[in-house]
Amino acid sequence: DGGDDLGTTLQLSGTVSETMTLDASKEYVLTGTLTVPDGATLVIPAGTTIKANQGFDKYILVAQGGRIEARGTADNPIVFTANSDNASAGFWGGLVINGYAPISGNASGTTAATEVDNNQMYGGTDAADNSGVLQYVELLYTGARSSADIEHNGLTLNGVGSGTQISNIYISEGADDAIEFFGGSVNVSNLLAVNCDDDMFDFTQGYCGTLSNCYGVWESGFTSTEEDPRGVEADGNLDGNGPDHTPQSDFTIENMTIENLASAQSMQDAIKIRRGAAAHITNAFVTGSGAIENLIDLTDSKGDAAASTEISVTNSATNVTSAEINQNGTYEGVGIVEGNAGCPTTGFGWTGYSF
């Protein structure tokens with residue numbers, strides 16, 4: 001049934017059957033992979049805390065056709081964290097959701113195997129697929145790594161459809177990316193990413209939704225283990241290996257702030273759009289005293305950004321070490337402008353984070 005009762009502490013692992021509803025008055029420890037299969041639902045009420053033991057296999061995976069109903073509130077968020085007082089990034093595997101929405105491929109309805117479990121597929125033809133609800137959710141110390149090619153993010157969205165509701169998410173001290181969209185059409189709003197090791201906001205494999213009100217920050221003492229950490233990284237197709245695949249990523253970001261305060265960590269690019277991706281980014285604001293190589297980079301050896309890319313960025317960063325815009329040719333809709341305010345911080349009071 002996915003849980004073993006040990007008094008007020010419940011161990012979570014295995015496979016959810018039918019509907020499993022957690023109890024906010026109890027403590028939960030994630031001792032292995034917890035899978036929510038087709039037809040099953042995991043209900044997590046406001047105020048619930050789930051503590052994960054350390055390891056690559058400690059993650060929650062909502063499979064195609066499964067649902068998660070995690071409805072926290074501003075006063076009582078749902079917290080996924082490490083089962084340790086001395087945790088750091090990459091302690092446990094985070095949250096993975098798989099849906100039936102389209103991903104890029106050489107035919108309609110393409111599916112792909114989940115990076116962390118090749119037995120679990122994602123993708124399809126249902127852009128409006130519904131995998132449930134995430135609201136007022138914290139994901140802390142996530143991103144366990146198996147190898148250079150098999151990594152967990154804080155929140156991994158694989159072919160997730162627009163019927164899924166995701167808002168008010170806080171991801172902190174995570175290895176790999178804070179959030180990564182592998183195709184799909186889900187919209188995400190009010191996202192705060194703090195000190196995540198690789199990219200703050202990552203898009204690939206034909207993602208075609210909207211991310212709005214997103215704030216990514218590296219604090220002053222932050223350092224990364226990655227070669228090319230970025231604010232935004234966007235590929236049109238998976239790893240640039242499908243330039244002729246459809247759909248290519250064609251997504252929107254509204255109201256975004258990227259802040260590098262880390263004196264010892266340079267950011268490769270604040271915004272990297274490449275490999276056929278089309279990005280439509282409005283009201284973006286880049287700031288901080290830490291080094292940033294390029295504000296915007298639209299180039300790549302496997303293909304540049306799509307010509308329809310539109311980006312409006314206000315630069316308040318004090319240490320841009322290379323060209324503000326790195327591009328081959330001219331993108332008429334891409335520019336550094338004055339007056340953008342970026343993401344308001346007022347919506348993140350529920351996290352307790354101090355800006």
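What follows is a chat about the pocket, strands, cores and backbone of one predicted model.

User: What sort of model is this, and what pLDDT do local features need?
Analyst: It is a predicted model, where local features need pLDDT of at least 70, side-chain atom pairs count only at pLDDT 80 or more, and totals for chains, interfaces and linings use all residues. Residues are numbered from 1 along each chain as its sequence is written, and side-chain values use heavy atoms, with hydrogens and water left out.

User: Ok. What volume does the largest pocket have?
Analyst: About 780 Å³. A pocket here is an open set of points on a 1 Å grid over the protein atoms alone, where a 1.4 Å probe fits, with protein on both sides within 12 Å along at least five of seven lines. The volume is the space filled by probe spheres set on the points, which are joined across faces, edges and corners.

User: How many of the lining residues are charged?
Analyst: The lining has 18 charged residues, along with 9 nonpolar and 8 polar ones. Asp, Glu, Lys and Arg count as charged; Ala, Val, Leu, Ile, Met, Phe, Trp, Tyr, Cys and Pro count as nonpolar; the others, Gly among them, count as polar.

User: Which strands supply at least two residues of that lining?
Analyst: Among them are S11 (112–114), S12 (117–122), S20 (201–204) and S22 (230–235). Strands are DSSP runs of E with at least two residues, numbered from the N terminus.

User: Take S22. How many of its residues are buried?
Analyst: 6 of its 6 residues, so S22 is mostly covered, where buried means under 20% relative accessible area, exposed over 50% and partly exposed in between (1.4 Å probe, protein chains only).

User: And what does S22 pair with?
Analyst: S22 runs parallel to S20, joined by 3 bridges, and parallel to S24 (residues 267–274), joined by 5 bridges. Two strands pair if DSSP finds at least two bridges between them. Asp202 stands opposite Glu233 in S22, while the bridge partner of Ala234 in S24 is Ile273.

User: Switching to S6. Which of its residues are on the covered face?
Analyst: Ile50 and Ala52 are on the covered face of S6 (residues 49–52), and Thr49 and Lys51 are on the uncovered one. S6 pairs in the parallel sense with S4 (residues 27–36) over 3 bridges, with Tyr28 opposite Ile50. S6 also runs parallel to S9 (residues 78–82), joined by 4 bridges, and Ala52 stands opposite Ala82 there.

User: What about the largest nonpolar core: how many residues?
Analyst: 77, and those with the most contacts inside the core include Leu134, Phe203 and Ile273. A second, separate core has 11 residues, including Val79 and Phe348. A nonpolar core is a set of buried Ala, Val, Leu, Ile, Met, Phe, Trp, Tyr and Cys residues joined through side-chain atoms within 4.5 Å.

User: What does Phe203 touch?
Analyst: Not counting residues up to four places away in sequence, Phe203 touches Phe181, Leu211, Val232, Glu233, Ala234, Asp235, Phe251 and Ile253. Contact means heavy atoms within 4.5 Å.

User: Is Gln135 buried or partly exposed?
Analyst: Gln135 counts as partly exposed because its relative accessibility is 23%. Gln135 is in strand S13 (residues 132–140). Leaving aside neighbours within four places in sequence, Gln135 is in contact with Ala70, Arg71, Gly72, Ser167 and Asn168.

User: Asn168 then. What is its phi?
Analyst: Asn168 has a positive phi of about 60°, although it is not a glycine. Most residues other than glycine have a negative phi. Asn168 lies in strand S17 (residues 165–172), and Asn168 is buried because its relative accessible area is 8%.

User: What is the phi of Asp176, and where does Asp176 sit?
Analyst: Asp176 has a positive phi of about 55°, and its place is in the loop between S17 and S18. Asp176 counts as buried because its relative accessible area is 7%.

User: Last one. Which residues does a cis peptide bond join?
Analyst: Thr246 and Pro247, with omega about -10°. Pro247 is in the loop between S22 and strand S23 (250–260). Most peptide bonds are trans.

Conventions
On a 1 Å grid over the protein atoms alone, a cavity is a set of points where a 1.4 Å probe fits but cannot get out, and a pocket is an open set with protein on both sides within 12 Å along at least five of seven lines; lining residues have an atom within 4 Å of a point.
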